[in-house]
Amino acid sequence: MLGANFLSPPVLFFLLGMLATMVRSDLHVPSSLARFLGLYLLLAIGLHGGHELARSPLDLRVVVTLGLAALASAMIPLWSFAVLRRWLDTPTAAAAAACYGSVSAVTFAAAATFLESQGRPYSGFLVAAMALMETPAILVGVWLVRRFGVAEGPAGESTARAPWRVLLHESLANGAVVILLGSLVIGLLTGPGGWEMMQPLVKTPFHGVLCLFLLDMGMVAARRLGELRRAGAFVLLFALLAPPLHALLGIATAALIGLSAGDALLLAVLFGSASYIAVPAAMRLAVPQANAGVYLPMALGLTFPFNITIGLPLYLTCIEWLWVGVA
């Protein structure tokens, strides 16, 4: 299964992007196109999730799953911060912890593609869980700075100068969150008819767009790897060990709730991924003293590649072992 995932087109395009940067190729994806590809993926994920959510009843299992996902988004930064602050300054440790409490929509998309290649169904309400896990991690990250950080930075600047209302607006009005939640609601309201109308746009080209996006992500990730040298070996280990540990928590949660194997993998990915878009954008506003040259490469340069190459088949193997008899 691991070899099959390495040979899947999305993973190979990501590795091609990394290779292109390492050999100093002039290959590049224009930033405007990269942004469009990202918005397209979020729109497609949201519409599909809303369509699937419209087909499934809003029962107790769904509500409990959404609640536990939001709770995990608030709790994961707490123990991540407790570990990271031993090696990083308080603002940077809090920002990194917030990244690991939040989620990566692109990793989620890769996981959904991986499940489809395996012929495994999954539920649309996990898209709602992904949307719910953005804001709690950001709020906890800023609270950590305010609780454990100093009052002022080296230049007399507050380490958390943004008021809560501004921070909340930044979290909820972030473009990625708006397009994801908006598409989810549109897919829910329009139902099967809307999904059938949008399929030529959001279903057929999806895998090709994902490959182009991961090609660009591979180039970005390779450029960021060099920035981690100053952070130390432990920070590198955290970026590689935290994903499977958090994913195991997600798998255990899925087992307790009674989710299917496909849903368990998506929940594991939500727990085990790290944000490199929404959280860094909010942290730049709320915690300007945090070193983005450390926490952004952790999430994008190490955790993201680990999850889409090794993590996905590893998590599914673990789930198959636990979900005996589940197709």
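**Exercise 1. Sort the lining of the second largest pocket by class, then find where the lining comes from.**

Step 1: the lining of the second largest pocket holds 10 nonpolar, 4 polar and 3 charged residues. Here Ala, Val, Leu, Ile, Met, Phe, Trp, Tyr, Cys and Pro count as nonpolar, Asp, Glu, Lys and Arg as charged, and the others, Gly among them, as polar.

Before going on, a word on the model: it is predicted, with local features needing pLDDT of at least 70 and side-chain atom pairs 80 or more, while totals for chains, interfaces and linings use all residues. Residues are numbered from 1 along each chain as its sequence is written, and side-chain values use heavy atoms, leaving out hydrogens and water.

Step 2: of the 17 lining residues, H48, E116, Y122, W195 and F206 lie nearest the centre of the pocket. A pocket is an open set of points on a 1 Å grid over the protein atoms alone, where a 1.4 Å probe fits, with protein on both sides within 12 Å along at least five of seven lines; lining residues have an atom within 4 Å of a point.

Step 3: at least two lining residues come from each of α3 (31-55), α6 (105-117), α10 (175-202) and α11 (206-225). Helices are DSSP runs (H or I, at least four residues), numbered from the N terminus.

**Exercise 2. Find the salt bridge and say whether each partner is buried or partly exposed.**

Step 1: searching the whole structure gives 1 salt bridge, that is, a side-chain nitrogen of Lys or Arg within 4 Å of a carboxyl oxygen of Asp or Glu.

Step 2: the partners are E320 and R120, whose closest N and O atoms are 2.6 Å apart. This pair links distant parts of the chain, 200 residues apart: E320 sits in helix α15 (residues 292-322), and R120 in the loop between α6 and α7 (125-132).

Step 3: R120 is buried because its relative accessible area is 11%, while E320, at 32%, is partly exposed. The limits are under 20% for buried and over 50% for exposed, with partly exposed in between (1.4 Å probe, protein chains only).

**Exercise 3. Which residue other than glycine has a positive phi near 60 degrees, and where is it?**

Step 1: R24 has that phi value.

Step 2: R24 lies in the loop between α2 (9-22) and α3.

Step 3: R24 counts as exposed because its relative accessibility is 77%.
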